[in-house]
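Please consult the sequence and the structure as you read.

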Amino acid sequence: MAAPSASLVASVLAHSGRLEKEDLGARIARLSRQVEELKDEVCNMINKKYNEFLPSMESAEDLVSQVDRLCSDIDLLRSRIENEVQKDLNVAVAEFTELKQQLERDSLVLSVLKQLQEFDTTIKDYSTALLEKKYVAAARHLKKARSSLQMLQSRKGFELKVLKALGMELTVQTQNMLHHLGEEWRQMVLWTLPPSKEISSAETVMQTELHLHTMPVKDDQITGASVLQAFAILGELRFRLKHFGQLLLKYILKPLISYPSLRPLLKEQPDAAVLHFESEKPNLEHSSPVEVFGKIKLVLEVLHKHLLNVCLDECGEDDKDSKVVVSEMLGDIIWEEMSDCLIRDCLVYSIPASSSKLQQYIEVIKSTEEFEKSLKNMGFLKGDATDLLKYARNVNSHFANKKCQDVIVAARNLMTSEIHNTVKVTPDCSIAIPKLPNTGAGDNVKAPEASKTAPSELTHLENEAKLSPHMFSLPTCRISASVEKLMDLAYQTLLEATTSTDQCCIQLFFSVRNIFHLFYDVVPIYHKEKLQKLPQLAAIHHNNCMYIAHHLLTLGHQFRYRLTSVLYDGAATFVDLVPGFRRLGMECFLAQMRVQKGELLERLSNARNFSNLDNEDNYSAAKKATRQVLHQLKRLGKVWQDVLPVNVYCKAMGILLNTALSEVINRVTALEDISAEDADRLHFLCRAILEEGPLVFTPLPEENKNKKYQEEVPVYVQKWMTFKELMMILQANLQEIVDRWAEGKGPLAAEFSPVEVKSLIRALFQNTERRAAALAKIK
């Protein structure tokens with residue numbers, strides 16, 4: 001529409017330009033007509049477009065109205081779902097859940113009711129069986145009732161008050177059942193015991209009697225087997241047998257082992273068998289094993305025949321695998337204690353005192369084997385050889401034990417003797433090693449053959465540079481005389497082992513090892529208080545341990561080729577004990593060192609931090625503390641003199657003196673203000689320490705020999721040069737301090753940090769430009 005109009009206007013304007021000279025009115029008329037035509041054309045085009053647009057608009061409005069209606073329907077439907085359908089659905093779900101829970105509760109209640117009914121029925125059956133004295137059936141009913149109750153109690157979230165009452169009822173009925181069974185048991189097994197609970201003599205035991213009823217009691221249905229079976233089902237049989245076994249051991253078996261005059265007698269009666277004692281004059285102080293075995297076998301045979309030969313189901317089930325014999329249960333309970341008593345009070349005294357009687361001991365071994373065999377036949381024992389038989393067969397070892405025991409007793413007496421009785425050991429002296437027999441003696445162990453080349457022929461093979469003859473010797477020191485005797489005892493015992501049988505040789509060898517184990521355990525405990533309080537004894541104990549460790553290094557090697565082949569193959573050594581003994585000596589001495597350090601620090605703590613020494617009280621306290629420290633060091637120097645090895649002595653004294661110096665240095669460097677008078681007095685105290693400190697190094701009694709060690713004080717005292725530098729600072733001016741610092745390369749920088757030097761300068765000098773300049777150079 002716009003394009004045609006524009007062209008028309010352009011044509012009109014162009015045409016009007018060409019007709020400028022025409023009449024203005026005509027032109028206007030023509031233009032008017034053209035405008036009208038243009039208007040009509042525009043109106044026609046607008047009407048045409050409107051007619052085309054109107055149907056589309058009406059269609060769109062119709063669609064909008066349809067959409068509005070659909071939205072209204074959707075909102076209505078949603079509203080109905082939310083208000084009606086959802087509510088009904090929630091109600092249905094809740095009803096379903098409730099019904100499901102109610103079904104579960106009802107099922108659980110039904111199950112519980114069935115179990116309660118079963119429990120009630122079982123209890124009624126139990127009561128009936130108990131009245132009829134059918135103990136086995138009654139015990140099984142009780143066990144079934146207990147199982148039902150446990151199942152009820154195991155249900156989580158379902159608790160009934162009645163369960164507590166049922167549990168109490170079950171307990172009451174169980175105790176009632178046990179009471180009835182106990183009465184039956186007491187009629188089956190009747191004890192007559194002496195009034196005294198302690199067995200002090202054979203006469204006391206003579207009053208003991210054991211009655212075993214052999215016929216059913218009161219009723220034909222009641223037998224010993226049924227009573228024992230009922231006990232087993234209720235889980236009480238082991239408890240009853242344990243109590244019976246304790247009485248049997250205490251009043252019958254152990255007295256028969258311990259008192260040779262007692263002899264068991266059996267009296268047979270129509271309905272019972274009675275065991276009692278009679279006394280006879282003993283021939284020996286201790287009964288022979290053969291006699292004791294016979295007495296015990298008689299007692300156990302009576303028990304097996306009249307009481308314990310019963311095979312029953314311990315668990316109350318019919319499973320054949322659970323069948324046990326009562327005699328076997330009693331054997332498990334009493335055998336260990338009885339065999340220990342047999343060994344301790346009988347077999348140990350039968351060990352021969354001399355090797356000539358060892359052959360006679362074979363009879364004891366055979367009687368022990370027969371004794372155990374008869375016990376296995378009766379069911380009291382199961383398995384192979386027990387400790388009793390092993391002990392009897394191991395006679396050679398027990399024979400050797402007597403000799404070993406004497407060695408251990410002698411060693412212990414030496415260990416518990418006084419430590420302060422000392423002897424001096426030097427690199428030139430050693431224990432006189434006994435002359436060993438030829439390697440052909442003893443166990444025929446051949447030592448490696450030595451070269452047959454004459455010593456003179458080997459001379460040219462030696463290195464020209466020779467070691468000191470004392471390179472591997474123990475340094476000069478003092479040890480306890482008892483320790484020297486102890487080492488001599490070890491050498492003599494090993495010498496005896498070289499001429500003994502294999503078994504005795506092994507035991508003697510390990511007895512020597514036990515001597516050293518005993519020393520390790522006994523001496524530190526027995527002498528504990530003295531070792532803690534007396535510095536000299538701590539030093540001697542240190543030397544003792546080092547002395548023993550020194551000999552242990554070669555002790556096994558010296559006897560290696562003359563001991564039995566078992567030891568020759570590598571076991572004949574004591575080297576593994578060396579670290580323990582060295583550690584034992586070091587720990588004791590270091591503990592004493594810690595005590596001495598503590599005392600030094602405690603004395604220096606009374607010096608009032610070495611502050612304000614211009615005050616007479618403070619100066620007196622500091623001076624007193626210094627003197628006390630020096631006195632303590634001198635006293636220790638005298639106490640340890642000629643006791644410790646020289647190198648250990650110097651290290652120990654150096655550490656203690658270093659502790660004192662370190663404490664003084666720390667206290668002085670911590671001071672914030674040191675006046676000129678304070679500095680002078682501090683210097684005086686430090687000079688006293690510096691002059692008298694080396695004099696505490698007196699390791700040797702000869703004064704002229706100690707000068708060497710006093711000159712080597714800086715070697716043993718780490719803070720010695722630091723202490724000297726501190727004394728220099730106390731008397732130096734700022735320039736001297738800066739010169740000794742030497743830009744961090746001087747002797748002062750080697751001992752103190754920049755922070756410490758600056759702190760001392762600030763404490764000693766006033767705040768001036770010179771001090772600031774000096775501080776700036778300390779870095």
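Q: Which residues does Gln 641 touch, not counting residues up to four places away in sequence?
A: Contact here means heavy atoms within 4.5 Å. The model is predicted: local features need pLDDT of at least 70, side-chain atom pairs count only at pLDDT 80 or more, and totals for chains, interfaces and linings use all residues. Residues are numbered from 1 along each chain as its sequence is written, and side-chain values use heavy atoms, with hydrogens and water left out. With residues up to four places away in sequence set aside, the partners of Gln 641 are Tyr 649, Thr 698, Pro 699, Leu 700, Pro 701 and Asn 706.

Q: Which backbone oxygen does the side chain of Gln 641 reach?
A: A polar contact is a pair of N or O atoms within 3.5 Å; within protein, one must be able to donate a hydrogen and the other to accept it, and residues adjacent in sequence count only if both atoms are side-chain atoms. At 3.2 Å, the side chain of Gln 641 reaches the backbone oxygen of Leu 700.

Q: Is Gln 641 buried or exposed?
A: Gln 641 is placed in the loop between H20 and H21, where helices (H or I, at least four residues) and strands (E, at least two) are DSSP runs numbered from the N terminus. Buried means under 20% relative accessible area, exposed over 50%, and partly exposed in between (1.4 Å probe, protein chains only). Because its relative accessible area is 16%, Gln 641 is buried.

Q: What is the phi of Asp 642 near?
A: Asp 642 also lies in the loop between H20 and helix H21 (646-669), and is buried at a relative accessible area of 16%. Most residues other than glycine have a negative phi. Asp 642, a residue other than glycine, has a positive phi, near 65 degrees.

Q: Where is Phe 610 found?
A: Phe 610 has a positive phi near 55 degrees. Its relative accessibility is 3%, so Phe 610 counts as buried. Its place is the loop between helix H19 (578-604) and helix H20 (616-639).

Q: Which residues touch the most other members of the largest nonpolar core?
A: A nonpolar core is a set of buried Ala, Val, Leu, Ile, Met, Phe, Trp, Tyr and Cys residues joined through side-chain atoms within 4.5 Å. The largest has 85 residues, and those touching the most other members are Met 177, Phe 244, Leu 248 and Met 338.
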